[in-house]
Amino acid sequence: MKFTKLLAIILAALACISIFAACDNKGGNDGEETTAPDKEVERFDYFAADMKDYVSLDSSLYKGASVTVSSEFLVDDAAVEDYIKTSLYKYRKVLNDAAKITDKPIEFGDTAFIYYRGEVDGKEFEGGSNFDNARPYELGIGSDKFIEGFEDGLIGIIPSETSKENPHPLKLTFPENYTEDLAGKDVIFYVWVVYSVDYELPELTSDFVTKTLKFKTEEEDAVAAYKNYVKEGLLQYRDSAVKNELWAKLLEEATVIKYPESEVQYFYDSYIEQYEYYKKYYTDYGYSFASFDEFVIKYLGLEDGADWKAETTKNSQTDVLQNMLSHAIAQQEGIKVNEEDYQAAVDYYMEYYQNYGQTITREDLIKAVGERLINEYALFEKVNKYLVDNCTISYEN
């Protein structure tokens, strides 16, 4: 579990703010010594520092940069409609008393009862087949339970035209974030559709949007407002992927002149506190660890015997570098936090606390989080918007 993004660090830091009851007693290390100091480390002031003294950043790395993301992030009318159809799926109504259908092409919203066998490089892989099961797998077309392309690949298939001896082949690719042994690999699923059950999706009306989906809007056309809401959400999802690509490039290609060591130490200590907290958390749930070192190595997903302190230092430097780059871009492009930006950041933290069941006033939240962290978040969001607005996005399958 590695945290190399500023937002992840912000959330981790919030977890140890005292108004969280769970963190009132920070998880100790059962008497073992770690490198966290007893006194607070003085923070580096990014806003006051001249980032040219710390990092060299050519504007060509971010201004007009070309970014390529998967076509799954393409946002158009078809993507909006597909998302809405998927959200309507759980409100579908059964037709024909759930009669088993074998002579009708499968449609979105149907439920297909299938047997499947997956092969990578011509060989079956563990967990990739249910042909030996007594009953077929019940798969809702639109449920997104299988990898991308699987359910769409079944649309139009007539069950009676498939069999155990004549399954329908689906040539797909596992996602890059799939299990380590299958991530990014091409796969062929041989699918026998035994039968399907016919369902009907509800119509997207104003009543359905406002009463069933509980969508709140002051717009006269609730359906149009809901579609716009979905589109904005999809654009945010796409922009997150774009930002990840941009930051990966910036972190790799920017030149570090020097690190503010006190800030690296601050992030390092924050990681130690995080490790201690989660070690106690897992210990309380019955897990045991021979040492603090063993826990951290497992927590970070490192190999046995790895130097977790070096890895933590590396992660801390990456966190600091991203902060430095954010401020370097802001200084080079004249990006500053205004009152509207600041209040939007406060709104973000208010929502964050409320999602964790915390009741707090804006004034108390500002005291708890601190103006520094709020300003850092506000600037980071503004820089991110600048990065996305000033890049060229292309899509690949």
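This is a predicted model: local features need pLDDT of at least 70, side-chain atom pairs count only at pLDDT 80 or more; totals for chains, interfaces and linings use all residues.
**The chain as a whole**

- The protein chain comes to eleven helices and eleven strands; these are DSSP runs numbered from the N terminus, with helices being H or I of at least four residues and strands being E of at least two.
- Of its 397 residues, 40% count as buried (buried is under 20% relative accessible area, exposed is over 50%, and partly exposed is in between, with a 1.4 Å probe and protein chains only).
- Take the contacts with a separation of 6 or more: residues 24 or more positions apart account for 74% of them (a contact means heavy atoms within 4.5 Å).
- The protein chain exposes about 22,700 Å², and carbon and sulfur atoms supply 45% of that (areas come from the Shrake-Rupley method with a 1.4 Å probe; for residues, only the protein chains shown count as cover).

**Back to S196**

- With a relative accessible area of 2%, S196 is buried.
- Leaving aside residues up to four places away in sequence, S196 touches A99, K100, I101, I106, T111, A112 and P159.

**Helix α2 and its neighbours**

- Helix α2 covers residues 77-88, so to speak a twelve-residue run, and reaches 16 Å from its first C-alpha to its last, close to the 16 Å expected at 1.5 Å a residue (the expected span is 1.5 Å times one less than the number of residues).
- The buried residues in α2 are A79, V80, I84, S87 and L88.
- Those buried residues of α2 pack against α4 (206-212) and α5 (222-253).
- A salt bridge joins the side chains of E81 and K227 at 3.3 Å, N to O (the cut-off is a side-chain nitrogen of Lys or Arg within 4 Å of a carboxyl oxygen of Asp or Glu).
- E81 lies in helix α2 and K227 in helix α5, so this pair ties together parts that are 146 residues apart in sequence.
- Both ends are partly exposed: E81 has a relative accessible area of 35%, and K227 comes in at 31%.

**Other charged pairs**

- Side chains of opposite charge can pair when their charged atoms come close.
- Searching the whole structure turns up 13 salt bridges.
- R117 forms a salt bridge with E119, with the closest N and O atoms 3.3 Å apart, and R117 also meets E124 in a salt bridge at 3.8 Å, N to O.
- R43, E263 and R372 are linked in a network of salt bridges.

**Aromatics and a nonpolar patch**

- The structure holds 42 aromatic pairs (rings of Phe, Tyr and Trp, the last by its six-membered ring, pair if their centres lie within 6.5 Å; planes under 30 degrees apart are stacked, over 60 edge-to-face, and the rest tilted).
- One of them is the tilted pair of F146 and F150, at 4.4 Å centre to centre and 45° between the planes.
- F150 counts as buried, at 0% relative accessibility.
- Y281, Y285 and Y287 make a nonpolar surface patch of about 390 Å² (patches take residues with over 30% relative accessible area and no salt bridge, joining like charges within 9 Å and nonpolar side chains, meaning Val, Leu, Ile, Met, Phe, Trp and Tyr, within 5 Å).
- Y281 lies in helix α6, residues 261-284, and counts as partly exposed at 38% relative accessibility.

**Residues brought together from along the chain**

- I393 lies in strand β11, residues 392-396, and is partly exposed at 24% relative accessibility.
- The C-alpha atoms of I393 and L74 are separated by 9.6 Å, with the two residues 319 apart along the chain.
- Not counting residues up to four places away in sequence, I393 touches V67, V69, R238 and V242.
- A344 is found in helix α9, residues 339-355, and is partly exposed with a relative accessible area of 43%.
- A344 and A378 are 34 residues apart along the chain, and their C-alpha atoms are separated by 7.5 Å.

Notes
Residues are numbered from 1 along each chain as its sequence is written. Side-chain values use heavy atoms; hydrogens and water are left out.
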